[in-house]
Amino acid sequence: MNSISIFGTAIVATFSVVIAHYIWEYHERSRRRHHNSEIQHYRHIADFSFLNPTTLEDRLKLRAKPNNRLITAFNISNSFTTDDRHVHHEFLTRVKKVVHLVHTEDWIKLSEVSKTIMNLCLSHFKDGLPYIPIAPFVRVVSFSLVLHILFGIEPLEVDPEEVRRATGAINRLWIQSKNEHAAPSLYDKKMLNNALERLFPEETMSDDRIRPLDLIMPAYETLWRIVLLTFVSAASRNSDTTEEELQEAMRNVPQCFFQKNDIEMRALAIAKEGLRLYPPTKRIYRAKSTTDGESGVIFANVLACHRNGLIWGADALEFKPRRFHNWSHAEERLSYFPFGIGRHLCPASAGYGDRIITLLVVELARRFGTRQTGLKIHFGDVELQQRVSKPLPSGRGDMENWVLEIDEEA
């Protein structure tokens, strides 16, 4: 082969590489435009602008119609299940009062309460030691803390057995409510009501203006699963870097809250990453019409936005809180909405949500340790036990067999 042929071959090869790269870049830009368009579409659903409703009642109706199943299962009336503006405003007023914890001292007190609750709950689960079913345990802890936050009920006034009955019934009723062809179990509804009657004073249960479950359900249901999944991810399936971040949080939470420094930012990043990977509401459902009798729903796929590899990178499915350190990526911010969007943001979105999740995850880690300090969690699934870098299954039934093994002498 002469030099001219070699030169020509080199030119062709170079040209081929350039064309291939250009085609790849074109497809990547097209994919990114498609995903950005999809995210905007989901945001328009979540913020109601897809139908351009003109009144508060219309927005409430678009949200309430897909949640009729919750009225059937739990007989609740709150901002998520009604188009009554008075019920909506009363609900928001009550909730905003209790989530308005803006002083470090408030969180230090709440930390002590959570420690007490955890110890009381641990004694309730002692029959199976050294093994603890972690999902029921976190449910009881979360529900007990919600009772304290919303109603001022002290931990020693709460019977963990009644809380376990109530949370177990709630979990089963929620699963049943997802099946449009099934009616809620009368047994579970009665068990839940009986447990609530024993947990609350008679005057509270007989007052139609309070109805504890109206307030409990949104707070408790959005809390326990994200706390459980974030704790397991951060403490049991972590990298050495995440372990260092969790250990730093264990040294500084809640004293670092509202200090507005890097220590607080890194601590809250643990909750933000949990909310990204395991959003409490995977899909935000909206009715297609405000007209009574017209059916049909659409949804914003929050989970897809939070796990989009084009937006979050090749490690989008891995638990890495440091992605939220000094967070400034515009596309990521548009793709992240665990508390909703627009005028109907969750009241916890202003910082309370991140802090309560971080607090409980840290207290669980203080009580049970981390993988590096001997924490053992048995998932009852060989593949899940081994594939530590993959996301955890987050369905209600998926977590029931997870068992935490503790050191009884610790």
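Leaving aside its neighbours within four places in sequence, which residues is K320 in contact with? In this predicted model, K320 is in contact with E273 and D315.

**Buried loop residues**

- K320 sits in the loop that links α15 (309–312) to α16 (330–335).
- The relative accessibility of K320 is 19%, and K320 therefore counts as buried, the cut-off being under 20%.
- H344 lies in the loop between α16 and α17.
- H344 is also buried, because its relative accessible area is 13% and the limit is under 20%.
- With neighbours within four places in sequence set aside, the contacts of H344 are F48, L56, R59, L60, R63 and H88.
- Between H344 and L62 there are 12 Å from C-alpha to C-alpha, while the two are 282 residues apart in sequence.

**Crossing of α2 and α4**

- Helix α2 (residues 56–64) and helix α4 (residues 85–98) have axes that come within 10 Å and cross at roughly 80 degrees.
- α2 is therefore roughly perpendicular to α4, a term that covers angles of 65 to 115 degrees.
- On the α2 side the contact involves L56, E57, L60 and R63, which meet R85, H88 and H89 of α4.
- By class, this contact of α2 with α4 is made up of 2 nonpolar, 2 polar and 3 charged residues.
- L56, L60 and R63 of α2 and H88 of α4 take part in this helix contact, and these residues are also among the contacts of H344.

**Crossing of α7 and α10**

- The axes of α7 and helix α10 (residues 212–221) cross at roughly 80 degrees and come within 13 Å.
- This angle makes α7 roughly perpendicular to α10.
- T167, I170 and W174 are the α7 residues of the contact, and they meet M217, Y220 and E221 in α10.
- The contact of α7 with α10 divides into 4 nonpolar residues, 1 polar and 1 charged.

- Of the 10 residues of α10, 9 are buried, so the helix is largely enclosed by the rest of the structure.
- The buried residues of α10 are P212, L213, D214, L215, I216, M217, P218, Y220 and E221.
- M217, Y220 and E221, which are among these buried residues, are the α10 residues that meet α7.

**Helix α5**

- Helix α5 (residues 104–124) has 21 residues and, at 1.5 Å a residue, should span 30 Å; its end C-alpha atoms are 31 Å apart, which agrees.
- In α5 the buried residues are T104, W107, L110, S111, V113, S114, I117, M118, C121, L122 and H124.
- These buried residues pack against β1 (131–133), α6 (134–151), α7 (160–177) and α17 (352–368).

- An open sheet is formed by 3 strands in the order β1-β5-β4, with antiparallel pairing.
- β1 and β4 (376–378) are the edge strands, each pairing on one side only.
- From one strand to the next, the twist averages 30 degrees.
- β1 and strand β5 (residues 403–405) run antiparallel and are joined by 3 bridges.
- I132 stands opposite L404 in β5.

**Cis peptide bonds**

- L129 and P130 are joined by a cis peptide bond with omega of about 10 degrees.
- P130 is in the loop between α5 and β1.
- A cis peptide bond also joins V253 and P254, with omega of about 5 degrees.
- P254 belongs to the loop between α12 (240–252) and α13 (262–277).

**Positive phi angles**

- N52 is not a glycine, although its phi is positive at about 50 degrees.
- The loop between α1 (3–46) and α2 holds N52, and N52 is exposed with a relative accessible area of 60%.
- N75 likewise is not a glycine and has a positive phi, of about 55 degrees.
- N75 lies in the loop between α3 (68–74) and α4, and at 52% relative accessibility N75 counts as exposed.

Note on methods:
Residues are numbered from 1 along each chain as its sequence is written. This is a predicted model: local features need pLDDT of at least 70, side-chain atom pairs count only at pLDDT 80 or more; totals for chains, interfaces and linings use all residues. Side-chain values use heavy atoms; hydrogens and water are left out. Axes are lines fitted to C-alpha atoms, for helices over the stretch in contact, and angles run from 0 to 180 degrees between N-to-C directions. Helices (H or I, at least four residues) and strands (E, at least two) are DSSP runs, numbered from the N terminus. Angles under 35 degrees count as roughly parallel, over 145 as roughly antiparallel, 65 to 115 as roughly perpendicular and the rest as oblique. Contact means heavy atoms within 4.5 Å. Ala, Val, Leu, Ile, Met, Phe, Trp, Tyr, Cys and Pro count as nonpolar, Asp, Glu, Lys and Arg as charged, and the others, Gly among them, as polar. The expected span of a helix is 1.5 Å times one less than its number of residues. Buried means under 20% relative accessible area, exposed over 50%, partly exposed in between (1.4 Å probe, protein chains only). Two strands pair if DSSP finds at least two bridges between them.
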